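Here are my notes on this one, written as numbered points. Keep the 3D view open while you read, and click on each residue as it comes up.

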Amino acid sequence: MSEPRTVAVVGAGLAGAKTVEALRAEGHDGRIILFGDELYRPYERPALSKGYLQGNDARGSVFVHPEDWYAEHDVDLRLGVEVTGLDRHAHELMTHDGEPVRYDRLVLATGAAPRRLRLPCADLPGVHYLRTLDDSDALRAVFRPGTNVVVVGAGWIGLETAAAARGAGATVTVLESAELPLLRVLGPRMAQVFAGLHRENGVDLRLGVTVSAFRGGPSAVTGVELGDGSVVAADAVVVGVGASPNVDLARSAGLDVDDGVLVDASLRSSDSRIFAVGDVANAQHPVLGRRIRVEHWANALHQPEVVARSVLGRDAVYDRLPYFFTDQYDLGMEYVGHADADDEVVVRGDLDARAFVALWVRDGRVVAGMNVNVWDVTDRIRDIILAGQSADTFELPAPSA
Ligand SMILES: Cc1cc2nc3c(=O)[nH]c(=O)nc-3n(C[C@H](O)[C@H](O)[C@H](O)COP(=O)(O)OP(=O)(O)OC[C@H]3O[C@@H](n4cnc5c(N)ncnc54)[C@H](O)[C@@H]3O)c2cc1C
């Protein structure tokens, strides 16, 4: 296929921004249009539940590119514009305002959206979700000493938000239906580490509970009702119960969709002119030997190099192992690979002091590793996973003097 003239990218998050950057870096000199339904130029989300939420990171630090970058690179950035329709036969995108936009190649970088709780009074003011800069600003305004913050869901976002609220001096209750936080991702032994961390930092962590409704008046939420009828007082509620990929556009256009837009290892969808990248892409992974949809920063950062090459008709395959990180209180962690919660866990280091490396092992081979307050080991863990080696081949680095 000849090189495309117009590449349209829908979704101006990290994956969309890095895609247009990679297209120019690969030498594409045709037209590039980047649509984003938010009002801000592309920004990175991790700080929204950490440094930015805590008031430590400046607002300017979250943006992917300086403001002038898009014009300087001849990228037609259309902010505040939702793409509402996709006509695959005419190769056109529809928006509420303006003429249809023709594309030669299309990249879907529409990301994910928080799962909403459909419960009585779930729309009361004071019931928050956390995905956007505006969401983070709204939480910053209510995280104050003495405020009762109730977090629904002890996943990554819920726990990071709980840590930020504690840091601001709020009284924090976390409600989780599972027996432990992060149980499905980390398995019971590692999940226990995070339960201990939050309890030691003063969080009232209530496990195995269900939320049945919210309480309050027209102007504000005042409480969260549990399945047993009891009510937890709340001045603010943060719901963090997972995210769903934004697939409406893809689905209505008839693309293959199943927990994300289905793409091959080159990130090409069931339509050869259309690609998907970042949180919305459910991609065949050559190393893992299965499809995987990864909702993490590193994936949105690195997949764009591959999608840009694929769009331009060059060979490229995305085969990086999934990687993510979190920061909560004084715990910093990185995780690489992909384990199931019931894989065997081998620990090197001091679990009680929360300075250790955990390795998940399946059939004698390391499939994932997590370093907690131990640094510069991720490359080594990645090498061990890729070489199919056992946990014995990993040694903790000597503590630095
Ligand atoms: C609070 C928070 C903290 C996080 N912390 C971490 C972390 O510590 N570590 C980590 O690895 N990952 C973290 N993540 C995950 C990481 O931020 C995501 O994986 C990453 O943002 C995915 O980027 P993306 O560009 O694929 O999607 P998104 O960031 O969701 O961007 C997609 C954009 O497309 C827009 N869009 C959607 N549909 C349309 C349409 N039809 N028309 C126009 N625009 C549209 C959306 O509004 C959005 O702006 C965090 C996420 C959040 C929300």
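**Around the ligand**

1. Start with the ligand: of the 34 residues around it, Asp37, Glu38, Arg45, Lys50 and Asp279 come nearest. A residue counts as near a molecule or strand if one of its heavy atoms lies within 4 Å of it. Before going on, note that this is a predicted model, where local features need pLDDT of at least 70, side-chain atom pairs count only at pLDDT 80 or more, and totals for chains, interfaces and linings use all residues. Residues are numbered from 1 along each chain as its sequence is written, and side-chain values use heavy atoms, with hydrogens and water left out.

2. Now for some polar contacts (pairs of N or O atoms within 3.5 Å; within protein, one must be able to donate a hydrogen and the other to accept it, and residues adjacent in sequence count only if both atoms are side-chain atoms). Lysine 50 has a polar side-chain atom 2.4 Å from an oxygen atom of the ligand. Valine 83 uses a polar backbone atom, 2.9 Å from a ligand nitrogen atom.

3. How much of the ligand does the protein bury? Taken alone, the ligand exposes 1,000 Å², and the protein buries 93% of that. These accessible areas come from the Shrake-Rupley method with a 1.4 Å probe; for residues, only the protein chains shown count as cover.

4. The shell around the ligand has 16 nonpolar, 9 polar and 9 charged residues. Here Ala, Val, Leu, Ile, Met, Phe, Trp, Tyr, Cys and Pro count as nonpolar, Asp, Glu, Lys and Arg as charged, and the others, Gly among them, as polar. Helix H1 (14-25), strand S2 (31-36), helix H4 (156-167), helix H7 (297-311) and strand S22 (323-328) each supply at least two shell residues. Helices (H or I, at least four residues) and strands (E, at least two) are DSSP runs, numbered from the N terminus.

**Domains and sheets**

5. Zoom out and you'll find domain 1 (6-113 + 244-311), domain 2 (127-239) and domain 3 (330-393), with bounds from an automatic or database domain assignment. Where does the ligand sit relative to domain 1 and domain 2? Both give residues to its shell, so the ligand lies between them. The centres of domain 1 and domain 3, taken over C-alpha atoms, are 31 Å apart.

6. Follow S22 onwards: it pairs with strand S23 (residues 331-337) in the antiparallel sense over 6 bridges. (Two strands pair if DSSP finds at least two bridges between them.) Phenylalanine 324 stands opposite tyrosine 335 in S23. The two strands form a hairpin with 2 residues between them, and tyrosine 329 in the turn has a positive phi of about 55 degrees.

7. Next, look at the open sheet of 3 strands in the order S18-S20-S21, with mixed pairing. Strand S18 (261-263) and strand S21 (290-293) are at the edges, each with a single partner strand, so one side of each has no neighbour in the sheet. Strand S20 (residues 281-285) runs antiparallel to S21, joined by 4 bridges; glutamine 284 has arginine 291 in S21 as its bridge partner.
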